[in-house]
Amino acid sequence: MNNFSNNKVLSIAACLLMVFLVSGSLLAQDQSDDALKKKYAPIIGEYEFDLTDMGGDVQVLSFHITDGNLWVDSGDGDPAICEPVEGQELEFTAESSDGQTFEIRFGKDDEGTVTTCTINIVAMSLEIEGTKIK
């Protein structure tokens with residue numbers, strides 16, 4: 001083979017290797033998301049927080065798995081990653097993009113089904129409780 005052909009073969013091989021590495025990474029991410037969805041299935045969903053007694057509105061927070069993480073999203077375009085609290089199955093911490101820390105705790109009913117979510121806004125020493133809606 002001449003030099004041009006060798007370069008072409010090497011370029012094609014490098015492209016194939018990159019496609020393989022990227023697709024392998026995406027496949028691993030999908031498997032990671034699937035494992036987390038299974039692990040956190042009882043808490044994934046939407047929770048309604050009625051803040052009208054405090055002069056606010058009814059807010060809905062969504063908990064979902066994306067990119068290998070559990071996220072909390074208020075729909076404002078700025079979701080936060082929920083980090084599990086070591087040794088606590090249903091407790092997490094999250095930090096907003098503006099640096100506020102939240103402690104998140106899920107509660108079960110008498111049948112063992114997750115039905116509530118309590119959020120402690122650390123800087124305000126304020127706890128609010130929401131009810132799972134779906």
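Predicted model: local features only at pLDDT ≥ 70, side-chain atom pairs only at ≥ 80, totals over all residues.
Residues are numbered from 1 along each chain as its sequence is written, and side-chain values use heavy atoms, with hydrogens and water left out.

Of the 134 residues in the chain, 25% are buried; a residue is called buried under 20% relative accessible area, exposed over 50%, and partly exposed in between, with a 1.4 Å probe and protein chains only. Among the contacts in the chain with a separation of 6 or more, 30% are between residues 24 or more positions apart. A contact means heavy atoms within 4.5 Å.

The strands may now be followed in order. Two strands are said to pair if DSSP finds at least two bridges between them. Strand 3 and strand 4 run antiparallel and are joined by three bridges, and in this pairing Trp 71 has Ile 81 of strand 4 as its bridge partner. The two strands form a hairpin with six residues between them, and Gly 75 in the turn has a positive phi of about 90°. Strand 4 in turn pairs with strand 5, again in the antiparallel sense and over three bridges, with Pro 84 opposite Phe 92 in strand 5. Six residues lie between the strands of this hairpin, where Gly 87 takes a positive phi near 80°.

The pairing continues with strand 5 and strand 6, which are antiparallel and joined by five bridges. Ala 94 stands opposite Phe 102 in strand 6. Their hairpin has five residues between the strands, and Gly 99 takes a positive phi near 90° there. Strand 6 and strand 7 are antiparallel as well, with seven bridges. In their hairpin, which has five residues between the strands, Gly 112 takes a positive phi near 90°.

A positive phi also occurs at residues other than glycine. Asp 67, in the loop between strand 2 and strand 3, has a positive phi of about 55°. Ser 125, in the loop between strand 7 and strand 8, has a positive phi of about 50°. Ser 125 counts as exposed because its relative accessibility is 66%.

Asn 120 is found in strand 7, and Glu 103 stands opposite Asn 120. The side chains of these two residues make a polar contact of 2.7 Å. A polar contact is a pair of N or O atoms within 3.5 Å; within protein, one must be able to donate a hydrogen and the other to accept it, and residues adjacent in sequence count only if both atoms are side-chain atoms. Asn 120 has a relative accessible area of 15% and is therefore buried. Apart from its neighbours within four places in sequence, Asn 120 is in contact with Thr 101, Phe 102, Glu 103, Ser 125, Leu 126 and Glu 127.

Asp 78 lies in a loop, the one between strand 3 and strand 4 (80–84). Asp 78 is partly exposed because its relative accessibility is 36%. The side chains of Asp 78 and Ser 97 are joined by a polar contact of 2.3 Å. The C-alpha atoms of Asp 78 and Ser 96 are separated by 7.7 Å, although the two residues are 18 residues apart along the chain.

The largest pocket has a volume of about 530 Å³. Of the 24 residues that line this pocket, Leu 61, Ser 74, Asp 76, Phe 102 and Ile 119 are the closest to its centre. Strand 2 (58–66), strand 3 (69–73), strand 5 (91–95), strand 6 (101–108), strand 7 (114–121) and strand 8 (126–132) each give two or more residues to the lining. A pocket is defined on a 1 Å grid over the protein atoms alone, as an open set of points where a 1.4 Å probe fits, with protein on both sides within 12 Å along at least five of seven lines; lining residues have an atom within 4 Å of a point. Grid points are joined across faces, edges and corners, and the volume is the space filled by probe spheres set on the points. The lining comprises 15 nonpolar, four polar and five charged residues. In this division Ala, Val, Leu, Ile, Met, Phe, Trp, Tyr, Cys and Pro count as nonpolar, Asp, Glu, Lys and Arg as charged, and the others, Gly among them, as polar.

How values were computed. Helix = DSSP H or I, 4+ residues; strand = E, 2+ residues; numbered from the N terminus.
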